[in-house]
Each structure stands twice: as structure tokens, then as C-alpha cells.
Amino acid sequence: IARPDALRRLDVVSSAIGAIGSGDSGDHYAIWLESGEVLRLNARSLFGAAGASPTNDLDLGLTLYRASGAVAASDQAVPDGHNATLFFEADEAGLYQVLVSGKSGSGEYIVDAISAPMAGDSNGDGRVDMQEYVAWFYHFGSSGSLSQGDFDLNGAVDMVDYVIWFNHFGQNGGNITATSL
């Protein structure tokens, strides 16, 4: 992890733009999370016009570290091979560190920090109940969004999403809605 004076600040419901060059270890950001807060980080490559120079062939990675330096979460594979998504529910309040790295290539990117709904809640009503199971069941095996049962937000409705629903079934966290940037 990076020294505190080398960190750029990233707030929930904000975006940052950066660039990663060949051989660069990536960019570090600091973000404060409250216990129980659910965070979705999206990093996406900025592709230039066809034939633009320099070429942006960046394949992004995201890693979230605790203050102790231990990895709290890392990105889930995004099928397009250029973007990264990380979904995390903080189990303790504190300062976390986000590393946006290039798995390969180089180029510019945007990273978004978004306050996400409670894990397993697909309709934003603050409850994880049978409505979420029905959304998951009807879309299982297909690509989908949160409202279709993609609880880990990786673009696919699969068994990982069922486990998220199962682990949070019966929880009531109040009405929390996602904010898009």
C-alpha cells in the first residue's frame, strides 16, 4: 500500500480520472467507509477514437486495502477485458485504500465510487426477501443488472449471486438507493 502522503482522496459518490503507463504500479486513493456501508467501485478505460495515438489498451484491476495493509476485496472479472468492478460491504469503519492498477497495457481511466444498496437488495426497498430471489431465479444463467439478481454486479446472474442473497435473506437495512454518476 502507498504512504498516506501519496494518496489521492476519493469520496463515496465521486469520480476520479487517472492514467497508467507501461510498468506503472497504479494509482492509490484513500476512502473513508462506515461500518455496514456498501461500496461499488467501477474503473473503466477511456478509449480514444480509432487510430488515435497513443493507443489505450489498458486492462484495469481494482484492489481495496484495509488500514492494516490487508486486502479487503479485489475486482471481479468484467467480460470486456478492460474494465473492473469491486463490490464491498465494510465490516468496520475506517480509512481504506483503493489501488487502480493496470493488469496489462497502458492508458487513461475513470474510477467511480458509488454508494450501493444493501447486499442482496435488488429493488432498493431496504429488505432482502423473496422478491430478490424471484428476480435472481428468473434471470439465472443470463447477463443482468442488480434489478435482475446480479447482486455482485459483475454482469452475470449466477450462483455467487444466490449465495449473496442467501447470506442476507431477512435483513432490513432501511431504504438505501444507489447513486449513479
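Mentor: Helices and strands here are DSSP runs, numbered from the N terminus. The model is a predicted one.

Trainee: How many helices and strands are there in the protein, and in what order do the elements run from the N terminus?

Mentor: The protein has ten strands and two helices. Starting at the N terminus, the order is β-β-β-β-β-β-β-β-β-β-α-α.

Trainee: What share of the residues count as buried?

Mentor: In soluble globular proteins, nonpolar side chains tend to be buried together. In this model, 45% of the 181 residues count as buried.

Trainee: Which residues touch the most other members of the largest nonpolar core?

Mentor: They are Leu62, Leu64, Phe88 and Val100, in a core of 24 residues. Strands β2, β3, β4, β5, β6, β8, β9 and β10 each supply at least two residues of this core. Another core, of twelve residues, lies apart from it; Val38, Met118, Trp136 and Ile164 are among them.

Trainee: Which residues does Phe88 touch, leaving out those up to four places away in sequence?

Mentor: Phe88 touches Leu33, Glu37, Val38, Leu39, Leu64, Arg66, Ala72, Ala73 and Tyr96. For the protein, among contacts between residues at least 6 apart in sequence, 67% join residues at least 24 apart.

Trainee: Which residues form a nonpolar patch on the surface?

Mentor: Val134, Phe137 and Tyr138 do, and together they have about 350 Å² of accessible area. Phe137 sits in helix α1, residues 130–139.

How values were computed: Residues numbered from 1 in each chain as written. Predicted model: local features only at pLDDT ≥ 70, side-chain atom pairs only at ≥ 80, totals over all residues. Heavy atoms only, no water. Patch = residues over 30% accessible without salt bridge, like charges linked within 9 Å, V, L, I, M, F, W, Y side chains within 5 Å. Areas by Shrake-Rupley, 256 points an atom, 1.4 Å probe, with all protein chains shown as cover. Salt bridge = Lys/Arg side-chain N within 4 Å of Asp/Glu carboxyl O. Helix = DSSP H or I, 4+ residues; strand = E, 2+ residues; numbered from the N terminus. Buried < 20%, exposed > 50% of the residue type's maximum accessible area, 1.4 Å probe, protein only. Contact = heavy atoms within 4.5 Å. Core = buried A, V, L, I, M, F, W, Y, C linked by side-chain atoms within 4.5 Å.
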